[in-house]
Amino acid sequence: MELGIKHSFKATNKKAFGLSVYNCGFQKCKPLHSWGPAMKDHHIIHIVASGKGTFCCKDKKYNLTAGDGFICMAGELINYSADEISPWEYYWVGFKGEDADKLIESCNLSANTPCF
């Protein structure tokens with residue numbers, strides 16, 4: 001049985017600044033490891049390093065592989081899951097603040113276009 005690996009950082013000071021990193025990390029998922037359906041209170045960008053998985057947002061399902069990325073928008077109902085045969089490994093950074101929405105918009109990302 002393959003073991004999952006997770007390394008992460010989470011900020012304890014949650015005051016709103018222009019833009020602040022809330023958490024970041026890396027996870028090597030076990031087969032079928034999933035999160036959600038649920039909502040986050042901050043935005044999180046994931047970059048898939050290897051393997052594959054699925055991301056669901058706004059009743060759309062996205063199949064993702066190494067090199068792909070997706071954003072979990074604050075307040076949006078989402079879920080994501082690692083593949084059964086080739087579970088993904090990903091890096092993430094969570095952020096919030098008054099300028100977070102401007103940054104996301106400048107990258108042409110939204111709840112309707114969450115993958116890149």
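These legends describe close-up views of side-chain contacts in a predicted model. Local features need pLDDT of at least 70 and side-chain atom pairs pLDDT 80 or more, while totals for chains, interfaces and linings use all residues. Residues are numbered from 1 along each chain as its sequence is written, and side-chain values use heavy atoms, without hydrogens and water.

**View A. Lys 58 and Glu 76 form a salt bridge.** The closest N and O atoms are 3.6 Å apart. A salt bridge is a side-chain nitrogen of Lys or Arg within 4 Å of a carboxyl oxygen of Asp or Glu. Lys 58 lies in the loop between strand 5 (52–57) and strand 6 (60–65), and Glu 76 in the loop between strand 7 (69–72) and strand 8 (78–82), so the pair ties together parts 18 residues apart in sequence. Strands are DSSP runs of E, at least two residues, numbered from the N terminus.

**View B. Lys 102 forms a salt bridge with Asp 99.** Here the closest N and O atoms are 3.2 Å apart. Lys 102 is exposed, at 57% relative accessibility. Asp 99 is partly exposed, at 32%. Buried means under 20% relative accessible area, exposed over 50%, partly exposed in between (1.4 Å probe, protein chains only).

**View C. Tyr 80 and Tyr 90 form an edge-to-face aromatic pair.** The centres are 6.2 Å apart, with 80° between the planes. Rings of Phe, Tyr and Trp (its six-membered ring) pair if their centres lie within 6.5 Å; planes over 60 degrees apart count as edge-to-face, under 30 as stacked and the rest as tilted. Tyr 80 is buried, at 5% relative accessibility, and so is Tyr 90, at 3%.

Key
Helices (H or I, at least four residues) and strands (E, at least two) are DSSP runs, numbered from the N terminus.
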